[in-house]
Each structure stands twice: as structure tokens, then as C-alpha cells.
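Thanks for coming. Please have the structure open while I talk.

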Amino acid sequence: MSDKALIDTSVLTDALLKQRSEGTAARDALTKFKQTELPVYAIKEFKAGPLRYYVWFHNKVVTTNRWEDAVDAIRKLGVTPQRNRQSTALQALVDFESHIGRSITSALAAKYPGSDVNEVKRSEARLWLKTLILRAWRKRRKVTTRVVSQLSCYPEAELKINSNGTLDDRPVGCPVQDCCMREPLIRRPDALASLLKACDRLPEKPETHKRRQVLRQLVRTPKRPLSDADCRKLGDAIFALQCPQDAVILTTNVVDHEPLANALGLSVARPA
Amino acid sequence: MVETSQLAVANVIDLNERRGTYVPPTRNIEVEVRSYGIEDVRIARRDVQIEDLYAGDTPTAQLINRARQLLAEAEDFSVNAQRMLSEGDGVGADNEITLLQANLPELFFCRSLSEGLGAVTVALHHALTNRNGSPLTSDQIFAVRTACQKLHSNPFAPFTDALDLIDGLADAGLVTDPPEAELLSDFFVR
């Protein structure tokens with residue numbers, strides 16, 4: 001196995017946002033390579049994807065009166081696709097069995113009037129969410145040995161804490177009309193053509209369809225500006241294009257990455 | 001409002017000490033006393049404890065004093081636990097940590113003093129609860145002790161300082177997130 005790995009967004013996310021199971025696996029996997037490289041594109045995807053959900057939920061907790069209402073917003077937004085799993089997990093979230101308020105005795109509650117259990121629960125949830133988000137964001141460039149493939153058009157703006165307690169993660173995309181990656185990408189027409197062909201081996205889903213469209217656009221109309229939305233649609237193809245030949249792509253999403261990586265003579269690995 | 005400062009300058013008029021102000025997070029405060037109405041300026045130095053600056057009968061002062069009391073106890077519990085563990089008294093060490101853990105809900109009621117205090121208290125609560133009864137290692141007790149010491153010396157810790165302390169707990173192998181964080185990641189991380 002190669003001693004160098006390019007880290008994709010799924011591994012970055014697990015390493016930063018999950019303290020148990022997959023998080024441990026991701027962090028352990030990172031230590032197994034001598035060199036680990038994180039492309040800035042993964043940071044961009046992380047901020048615009050998983051982290052954004054957490055920021056949204058944190059802000060929901062800040063602005064709703066009850067923890068239950070904030071959790072209910074997850075259901076209302078249809079964030080999860082699995083209906084059965086959704087109801088069980090949402091109920092467990094509503095119950096928030098581990099919260100610190102469960103250890104409050106009646107004597108203690110009498111000593112600190114005005115702090116009902118619901119408020120304690122909401123306040124605690126807000127604090128751990130804020131902690132989780134800000135710790136993840138500030139560690140993003142520290143999980144690998146190197147951060148590579150800088151994107152000159154992407155402002156990797158810091159998260160802001162507003163005076164009203166909400167978090168501001170904007171901007172999550174690039175403000176330019178034409179992505180800085182277009183030029184280097186169109187200089188590799190063979191690689192683009194191989195990736196386009198490899199899309200046929202990817203699972204048929206909207207994401208694949210959009211990726212195929214943008215790859216085709218780069219091949220057929222290379223001078224056409226590559227918008228921020230187009231850049232995001234390329235997704236996993238970017239990791240294949242940015243991965244050095246002596247490295248593997250470390251991902252939890254082998255199904256989507258493998259056909260693209262193989263098309264360019266690369267291989268993928270997943271955390272054990 | 002002064003948040004962090006090594007030097008507090010107080011203009012004391014008629015030498016009537018003003019209380020109820022925000023306290024800089026230092027144990028020793030250099031106080032410059034300027035007298036008005038006379039020509040000379042005298043510089044006076046004395047050691048001032050945080051508790052000295054607050055009248056004990058205001059709700060904020062009571063909260064500060066209680067928080068510092070709880071944090072002092074937490075520090076003692078963790079120091080004792082370290083000592084007991086080094087002496088081979090695993091049961092004693094674990095009991096000290098359990099006593100520390102039992103004080104955390106009350107400490108959480110003092111969270112209005114600073115977000116940092118609230119965040120570390122929550123992290124400590126989950127770090128200790130997530131052990132499911134297993135005793136802490138020496139490194140973990142050290143991380144807990146460091147967190148308690150820092151908060152005791154500065155209960156007004158800003159959030160960024162709290163993140164450092166929580167990193168210390170996590171680096172020692174403690175899981176500072178509640179189990180519900182895993183459920184949330186099932187929704188938000190695909």
C-alpha cells in the first residue's frame with residue numbers, strides 16, 4: 001500500500017465531527033500513512049456540506065424556545081431520507097437522555113430558580129453544538145500532514161459568532177464567475193474524457209448526472225466559465241484529478257470514488 | 001468593560017471603592033490610586049483576590065463565589081485523585097472523580113458567568129459520563145485537573161480558551177460529546 005494518501009471530504013468530516021466509531025476509524029487511518037494530504041476543495045465541501053447543517057441546527061437551537069422544537073425542525077426539513085430510522089433517532093434526540101439536567105436534584109433546582117429542565121437542556125445543547133462546530137473548524141488544517149491544492153478563488157472565511165449568539169458561516173462558496181480550477185482542468189483533456197467515461201460506472205443518481213454534465217462542458221466548451229455551482233457538481237472527480245500518482249484516495253465512499261480513481265490509474269482506500 | 005488585562009487601573013474618587021464591576025481574570029491586580037484635589041499622585045499596590053472585589057450580597061457575587069468554590073473543590077478532587085492513583089489507591093481516585101462529577105450540574109447553573117465555563121462544564125460532564133463507570137487514567141485525570149485549575153483561576157474564560165481545555169480532554173482520550181452527537185451525525189453527515 002502507498003504511504004501517501006489524499007483525504008476526501010468524507011474522511012475529513014468523520015475525523016472532525018465524530019468522536020466515536022467512524023471518527024476513531026478515520027483518525028486511526030490517517031496515522032497509518034506517512035504523508036496525508038488534504039486538498040482545499042475538501043475544506044470547501046466540508047464547510048458547504050456537513051458543517052453547514054450543524055451551523056443551521058445550532059442557530060435553530062439558539063432561536064427556538066424549546067430543544068424539542070429545534071429537533072423537530074430536522075424532521076420538517078426532511079434532512080434524513082430513512083423514515084423509520086428518522087423517527088427513532090429523532091425521538092432519542094428529543095429525549096436527550098445524557099443531558100446534564102438529568103442529574104439536577106430538587107434541592108439544587110430550588111437553589112437556582114428560573115432554570116427549568118427544558119432551558120438547561122437547550123442551553124447545554126447550544127454549548128456542545130457550538131463547541132463541536134468551532135473545534136471542528138479550527139482543526140480542519142491540522143488533521144493531515146499537508147494541505148494542498150490551494151484554491152485562489154475560495155475565501156476560506158472564518159466562522160463568526162454574532163452578538164445574538166448565532167453562528168455565521170458565510171460565505172460557503174466562491175464569489176467568482178469562473179473557478180480557478182478551470183484552467184488547470186482543461187489542460188488535461190484526456191483525464192477529463194476518462195472521467196466522463198467512468199461516470200457510466202457510477203451509481204445512477206442526480207449527483208452523477210450533474211457531474212457528467214459539467215465534465216462534458218469542460219471537454220466540449222473548455223472556455224466557458226466554470227461557476228461555483230459547477231465546481232461543486234464535479235465533487236469526487238476533483239479528488240481523482242488532484243490525487244498524486246503515488247498516493248491513494250482515502251475515503252469512506254468507495255462506491256463513488258473507485259470508478260473515477262481507477263479511470264486515472266489511481267486506487268482508493270477506506271478507513272478500517 | 002475590561003475582559004482580560006494584567007493591569008487594572010482604578011480611578012478612586014474620595015477613596016470610596018466601587019464594587020460590582022467586571023473582574024479581570026487575574027489573581028493579583030495592580031491598583032493605581034489617584035487622589036483628586038491634591039497635587040500628588042500616589043501609587044499603591046496590593047494583592048486583591050477576585051472575591052475581594054465583590055460584595056457578597058449581590059446575586060452576581062454569590063454566583064461568582066459559588067462557582068469559584070465549586071471549582072476549587074473540583075481542583076482539590078482532581079489533585080487528590082492524581083495522588084491516590086500514584087499511591088495505588090484506584091478506588092479512592094475514582095471516588096474523588098465521582099465527587100467532582102456530582103458537582104458539575106450545580107456548576108452548570110453558574111454558566112451565566114462565561115460561555116467558557118459553561119462549555120467546559122458540559123464537556124467535563126460528558127467526558128466523565130461517557131466512561132460508563134470506568135476509572136480515569138492518570139493522563140485523563142491530569143487533563144481534568146488542568147481544566148478545573150484554569151477555570152478556577154479564571155471563571156470568566158472566553159470561549160476560545162474553553163476550546164483549548166476541551167481539546168486537552170479529548171487529546172487524553174475522553175469523549176466530550178454526548179451520545180446524541182452520534183445521532184445528529186447520522187442526519188447531517190452522509
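Is the crossing of helix 3 of chain B and helix 4 of chain B left-handed or right-handed? It is left-handed, which is said when the near helix is turned anticlockwise from the far one by less than a right angle, and right-handed if clockwise.

Before going on, the conventions. This is a predicted model, where local features need pLDDT of at least 70 and side-chain atom pairs count only at pLDDT 80 or more, while totals for chains, interfaces and linings use all residues. Residues are numbered from 1 along each chain as its sequence is written, chains are lettered from A and ligands numbered from 1 in the order in which they are written, and side-chain values use heavy atoms, with hydrogens and water left out.

Back to chain B. Helix 3 covers residues 115-129 and helix 4 covers residues 138-153; helices here are DSSP runs (H or I, at least four residues), and strands are runs of E of at least two, numbered from the N terminus. The two helices of chain B pack at about 160°, with their axes 11 Å apart. On helix 3 of chain B, the contact (heavy atoms within 4.5 Å) is made by Gly116(B), Leu117(B), Val120(B) and Leu124(B). Helix 4 of chain B supplies Val144(B), Ala147(B), Cys148(B) and Leu151(B).

Now a pair in chain A. Helix 4 (residues 50-63) and helix 5 (residues 67-77) of chain A have axes that come within 8 Å and cross at roughly 140°. That makes helix 4 of chain A oblique to helix 5 of chain A. Their crossing is right-handed. Among the residues in this contact are Trp56(A) and Phe57(A) of helix 4 and Trp67(A) and Ile74(A) of helix 5.

As for chain A overall, it has 14 helices and seven strands. Its C-alpha atoms fill a box of roughly 70 × 40 × 35 Å along the principal axes. Of its 272 residues, 54% are buried, meaning under 20% relative accessible area with a 1.4 Å probe, protein chains only.

Last, helix 14 of chain A, residues 254-263. Which of its residues are buried? They are Val254(A), Asp256(A), His257(A), Pro259(A), Leu260(A) and Ala261(A). Their cover includes helix 10, helix 11 and helix 13 of chain A, along with strand 6 and strand 7. Just after helix 14, Gly265(A) takes a positive phi of about 75°.

Conventions
Axes fitted to C-alpha atoms, helices over the stretch in contact; angles between N-to-C directions. Buried < 20%, exposed > 50% of the residue type's maximum accessible area, 1.4 Å probe, protein only. Parallel < 35°, antiparallel > 145°, perpendicular 65-115°, else oblique.
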